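Open the model in your viewer and keep the selection panel at hand.

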Amino acid sequence: MAASSSCKVIDSHLHVWATPQQAKEEYPYFPGQEPTLRGDADFLLECMSEAGVDGAVIVQPINHMFDHSLVTSVLKKYPSKFVGCCLANPADDGTGIKQLEHLIVQEKYRAVRFNPNLWPSGQKMTNEVGRSLFSKAGELGVPLGIMTMKGVGPYIQEIEELCRDYPATTVILDHMAFCKPPTNDEEEKAFSSFLSLSRFPQVYVKYSALFRITREAYPYEDTAQLLSSVISHYGASRVMWGSDFPYVVPECGYKGGREAISHVASKIPVSQSDLEWILGKTVSQLFQGAWVTP
């Protein structure tokens, strides 16, 4: 069932990066992080148009690391289409805190991402720099996304501690905190700890990158049990879909990724009203004033 026309469809999670030509001339890739997929803004806009997606949150990609100039240029070119999420730099010297402030205040980014793999070896997100960045996000009023690529288990205590100590910071768990449908006790435990984060009212969930959280082929029907549990714990008004473009393209196509959401939702089934929250209302409420038709 399509979302009603009055409700905008907003993709809460995708990336753009330079074309090889742009990388040569103006926006270099970070050494060792050269992309293998096409991820330029023109291609993204084509995909969004074909899929009937009205706007999106662009998350700074690892391919450009802490050089935000390419994403900034896209945000400036299409201000009514995109909102930016910058990448937190957890360097020991604390320079990332000033950088975060600059990106939010001067460059108008509206969210920030924590990638725990970027912390210096042996350091946690709860270290001094992590706490400063986390509390700064709350102070600046920007949501903070957390990417737990190794699964939620190793990070659950850090996330709980930060949520407890800095309740003013809105938290978004990327890609369902990388929880696949659980098949053993350890996975059950991780999934239930992820669900229990719903006790913090400031925590939201991205039902995104379905191809990363499924054990099946397209249309990823096994993620229905995950979505159903998330809606019953968090409520649909704290859940938002995301494609993870351009990684979704070789998996099922951008339009296919968007259609999988409605397909899985119909299996649960999810009410039309809940589906509208997931497809656009949740993210629009988090980023007030974005994607407003002029």
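Start with the largest cavity: about 70 Å³ of space lies in it. On a 1 Å grid over the protein atoms alone, a cavity is a set of points where a 1.4 Å probe fits but cannot get out. Its volume is the space filled by probe spheres set on those points, which are joined across faces, edges and corners. This is a predicted model: local features need pLDDT of at least 70, side-chain atom pairs count only at pLDDT 80 or more, and totals for chains, interfaces and linings use all residues. Residues are numbered from 1 along each chain as its sequence is written, and side-chain values use heavy atoms, with hydrogens and water left out.

Select Cys85, Ala111, Gly145, Ile172 and Lys206. Of the 15 residues that line the largest cavity, these lie nearest its centre. Lining residues have an atom within 4 Å of a point. Now show β1 (10-14), β2 (55-59), β4 (111-114) and β5 (144-146), the elements that give two or more residues to this lining. β4 gives the largest share, three residues. Strands here are DSSP E runs of at least two residues, helices are H or I runs of at least four, and both are numbered from the N terminus. Colour the lining by class: nine residues are nonpolar, three polar and three charged. Ala, Val, Leu, Ile, Met, Phe, Trp, Tyr, Cys and Pro count as nonpolar, Asp, Glu, Lys and Arg as charged, and the others, Gly among them, as polar.

Next, the second largest cavity, with about 50 Å³ of space. Select its lining, including Phe211, Tyr220, Gly242, Cys252 and Ile261. α8 (210-213), α10 (248-252) and α11 (254-267) each give two or more residues. The largest share, three residues, comes from α11. How many lining residues here are charged? None: eight are nonpolar and three polar. The whole structure has three cavities of 30 Å³ or more.

Gly242 leads on to β8 (residues 239-242). Val239 and Trp241 point one way, Met240 and Gly242 the other, and all are buried (under 20% relative accessible area, 1.4 Å probe, protein chains only). Pairing requires at least two DSSP bridges. Val205 has Val239 as its bridge partner in β8.

Finally, select residues 10-282. An unreviewed UniProt entry annotates them as "domain: Amidohydrolase-related"; such annotations may be inferred rather than shown by experiment. This stretch is 43% helix and 13% strand, and its end C-alpha atoms are 9 Å apart.

Definitions and conventions:
Buried means under 20% relative accessible area, exposed over 50%, partly exposed in between (1.4 Å probe, protein chains only). On a 1 Å grid over the protein atoms alone, a cavity is a set of points where a 1.4 Å probe fits but cannot get out, and a pocket is an open set with protein on both sides within 12 Å along at least five of seven lines; lining residues have an atom within 4 Å of a point.
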